[in-house]
Amino acid sequence: MMTLELGILDSIQRLRGPVMDRAMVFITRLGDTGAVWLLLALVLLLIPKTRRYGAVMAVSLALEVLCCNVLLKPLAARVRPCDANTGIALLVPRPTDYSFPSGHTGASFAAVGALLRCKSRLWLPALALACLIAFSRLYLYVHYPSDVLDGILLGLAAGFAGERAVNLAQRRIGARVGNGQGK
């Protein structure tokens, strides 16, 4: 399986050139530490009409980082493709954590899943950016295709779970306020 995945990554390397290199580095940096998604969640939280979307996104991102970085990466302990094939010159600093699953992809698709579950029209542009971020991880040779695919699945699951968690919290808070306990 690893040979097939390295073959896919090597095929993607044929796209490399100065413009694509700069674009992929820029796109992947948007996903560093989930920055673009955290910023979007913050903006949504500040606008009363979209506050629920921001809450769902924030919870989804927290769930994704716990599952991905705290649980799965140390458990799987998968070496990165750049360590398996050291002949590829990296365009970004070598990540210091494990490869599986892709945290950039997971966070991106947690945001997409949250926006989709909230029925926000922002889910479609978020999906476009999430796909670009996911592809950048392959282009930059820091994740295997299965890392990215599983990051997509994990992220979507976190997005859906985040929406359910916020719904549950809203019902519990509403029940307390309705009984006079939330005053």
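Arg-78 is buried, at 17% relative accessible area; buried means under 20%, exposed over 50%, and partly exposed in between, with a 1.4 Å probe and protein chains only. This is a predicted model, where local features need pLDDT of at least 70, side-chain atom pairs count only at pLDDT 80 or more, and totals for chains, interfaces and linings use all residues. Residues are numbered from 1 along each chain as its sequence is written, and side-chain values use heavy atoms, with hydrogens and water left out.

What does the side chain of Arg-78 meet in a salt bridge? The partner is Glu-5, at 2.8 Å from N to O. A salt bridge here is a side-chain nitrogen of Lys or Arg within 4 Å of a carboxyl oxygen of Asp or Glu. Arg-78 sits in the loop between helix H4 (51–76) and helix H5 (81–84), and Glu-5 in helix H1 (residues 2–12), so the pair ties together parts 73 residues apart in sequence. Helices are DSSP runs of H or I, at least four residues, numbered from the N terminus. Glu-5 is buried too, at 3% relative accessibility.

Next, Arg-94. Its salt bridge is with Asp-83, and the closest N and O atoms are 2.5 Å apart. Arg-94 lies in the loop between H5 and helix H6 (103–117), and Asp-83 in helix H5, so this pair links parts 11 residues apart in sequence. Arg-94 is partly exposed at 39%, and Asp-83 is partly exposed at 33%. On shared partners: salt bridges join Glu-5, Arg-78 and Asp-147 into one network.

Last pair: Asp-21 and Arg-16 form a salt bridge at 3.6 Å, N to O. Asp-21 is buried at 17%, whereas Arg-16 is partly exposed at 26%. The count comes to 8 salt bridges.

Key: Helix = DSSP H or I, 4+ residues; strand = E, 2+ residues; numbered from the N terminus.
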